[in-house]
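Please read the following note beside the sequence and the coordinates, point by point.

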Amino acid sequence: MRARVSLLSLLRAGLVVLAAALSAVVLPRLGAVGPDLILLVVVPAALLGGPAKGALLGLGAGWTVDLMPPAATALGVAALTYAAAGAVSGLWHRDGGRSAFLPTLATLAAASTVAAIGILRDATRGWPVPWVATGWSIVLTTGVGLAVVPLLIRAERGLIRRRLA
Amino acid sequence: MTPPRRHRTLTILIVVTVFLLGLDLSRPGSTSFLRTGAAAAFGPLERALTVGRDDDVARLTRERDELVRARRQDAVTVQQAREVTAVLASPAAKSAKLLAARVVAFSPASSSGDRRVTIDVGSRDGVTKDLTVIAGAGLVGRVIRVAAWTSDVLVVGDRDLTIGVRVGKAGRIGSVSATSPVGAAPRRPGQLSLTMLQQGTVAVGDMVTTLGSVGGRPFMPDIPVGTVVSVDSDRGQLTSTAVVEPVVHTATLDVVAVALFTGRTVPRAPATGSVK
């Protein structure tokens with residue numbers, strides 16, 4: 001196994017920790033619903049690397065979310081959720097594809113995956129499902145992703161070109 | 001990593017995650033070393049990210065303003081603890097030592113049933129598990145996990161939290177939780193459900209205060225929880241149920257206090273009965 005830690009993986013790990021911390025500290029103070037910052041880091045990697053890579057990063061990012069205090073009720077739920085979202089958004093991976101449409105579709109699909117798992121979790125536990133908040137979360141994530149995802153893809157492509165990945 | 005190897009790694013990691021999830025669900029506490037370790041690493045980061053928020057201070061309630069002012073002078077002095085105590089009308093809270101704290105992180109909005117916050121005091125400040133957390137208006141919740149510099153608090157409105165309460169002037173006993181009873185009218189988000197021990201003993205406007213636990217853990221007595229806003233109609237259920245509006249708004253929590261309950265050390269003197 002090539003166990004060399006690249007600049008790109010360091011950047012992704014840093015972004016994941018920052019996104020998880022911001023979603024715990026800053027976003028709840030701004031409003032009841034906000035964009036899913038974790039997905040905005042997972043989706044670019046999945047688009048560049050495919051489903052397996054997306055799922056791997058999603059799993060790691062989800063574990064960060066699970067362990068970020070106040071830690072969740074059940075450890076591992078966010079990990080599996082984001083792994084699924086990473087795998088789903090990786091389905092839009094194309095070799096050398098530079099479509100402006102793919103990132104949006106992949107973000108929408110990933111946000112919908114996270115929302116669907118959340119709805120399933122609430123429904124099976126007999127809790128009321130927050131449909132409106134879930135819808136807004138998908139819209140906000142896709143909207144912010146419209147700007148952030150292509151930016152991150154460009155930055156990561158630049159690192160790969162300079163052999164820093 | 002070559003693709004087959006990556007798939008193998010991914011499969012192993014997912015299996016490990018599912019195993020840990022099962023372990024965490026079946027034996028709560030067995031994975032606490034993971035949470036405590038992560039809290040020790042991420043807690044200081046969350047504390048650092050919480051900077052001054054001038055725009056939000058304007059929205060704070062009067063009680064909280066007083067707490068903020070007290071907080072700014074000095075975080076953990078006894079003088080400030082006295083000021084925080086003065087804000088609280090609760091007579092029970094006056095006998096306890098209070099540790100002022102600031103909320104630094106919230107549970108993600110995506111998890112609808114979870115109401116947890118992280119506060120910026122931990123075991124180094126003397127916080128231990130199952131202490132009561134209060135704000136100027138009333139009960140916030142109880143400490144469920146303690147790291148070196150931060151603690152996690154289970155807040156009123158979390159599905160896992162049930163509080164024994166006294167209702168109204170007569171002090172009738174019931175319990176408050178976020179789970180609505182079967183068949184009752186749906187509650188708005190943030191509202192709580194009150195279940196009385198007896199039928200027909202609750203009225204709109206009744207104050208709901210904590211009943212208190214043995215040794216003041218996890219809840220000290222006589223701390224306001226909320227007000228009864230409506231009583232559910234009789235549907236043939238065993239006891240009365242009602243809707244409670246909590247006094248503390250968890251979405252805008254900022255300055256809170258951990259009540260370091262000190263049990264009494266002086267023995268109670270017996271009294272002699274006097275018949276005239």
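The points below take up the contact between the chains, then each chain, then some local details.

1. This is a predicted model, in which local features need pLDDT of at least 70 and side-chain atom pairs count only at pLDDT 80 or more, whereas totals for chains, interfaces and linings use all residues. Residues are numbered from 1 along each chain as its sequence is written, and chains are lettered from A and ligands numbered from 1 in the order in which they are written.

2. The contact between the chains draws on 39 residues from chain A and 48 residues from chain B, where two residues are in contact if their C-beta atoms, placed from the backbone, lie within 7 Å. On the chain A side, two or more residues come from each of α1, α2 (27–30), α4 (51–67), α5 (77–90), α6 (101–124) and α7 (131–161), and α4(A) gives the most, with 6 residues. Helices (H or I, at least four residues) and strands (E, at least two) are DSSP runs, numbered from the N terminus. By class, this side of chain A has 29 nonpolar, 6 polar and 4 charged residues; Ala, Val, Leu, Ile, Met, Phe, Trp, Tyr, Cys and Pro count as nonpolar, Asp, Glu, Lys and Arg as charged, and the others, Gly among them, as polar.

3. Within chain A, α4(A) and α5(A) pack at an angle of about 155°, with their axes 6 Å apart; axes are lines fitted to C-alpha atoms, for helices over the stretch in contact, and angles run from 0 to 180 degrees between N-to-C directions. The two helices α4(A) and α5(A) are therefore roughly antiparallel, a term that applies to angles over 145 degrees. The crossing of α4(A) and α5(A) is right-handed, that is, the near helix is turned clockwise from the far one by less than a right angle. The residues of this contact divide into 15 nonpolar, 7 polar and 2 charged.

4. Chain B comes to 6 helices and 12 strands, and 6 of its strands close into a barrel in the order β1-β2-β5-β4-β3-β12, with antiparallel pairing; two strands pair if DSSP finds at least two bridges between them. Neighbouring strands of this sheet are turned by 45° against each other on average, direction ignored. Strand β3 (residues 132–134) of chain B pairs with β12 (residues 255–260) of chain B over 3 bridges, and the bridge partner of Val133(B) is Val258(B). Helix α2 (residues 32–49) of chain B lies across β1 (97–106), β2 (116–119) and β4 (139–146) of chain B, running at about 85° to β1(B).

5. Of the 276 residues of chain B, 41% count as buried, a residue being buried if 20 or more other C-beta atoms lie within 10 Å of its own, exposed if 12 or fewer, and partly exposed in between, with C-beta atoms placed from the backbone.

6. Which backbone details deserve a look? Pro69(A) and Pro70(A) are joined by a cis peptide bond, with omega about -5°, and Pro70(A) is found in the loop between α4 and α5 of chain A. In chain B, Asp130(B) has a positive phi of about 65° although it is not a glycine; Asp130(B) lies in the loop between β2 and β3 and is partly exposed, with 16 other C-beta atoms within 10 Å.

Methods. Angles under 35 degrees count as roughly parallel, over 145 as roughly antiparallel, 65 to 115 as roughly perpendicular and the rest as oblique.
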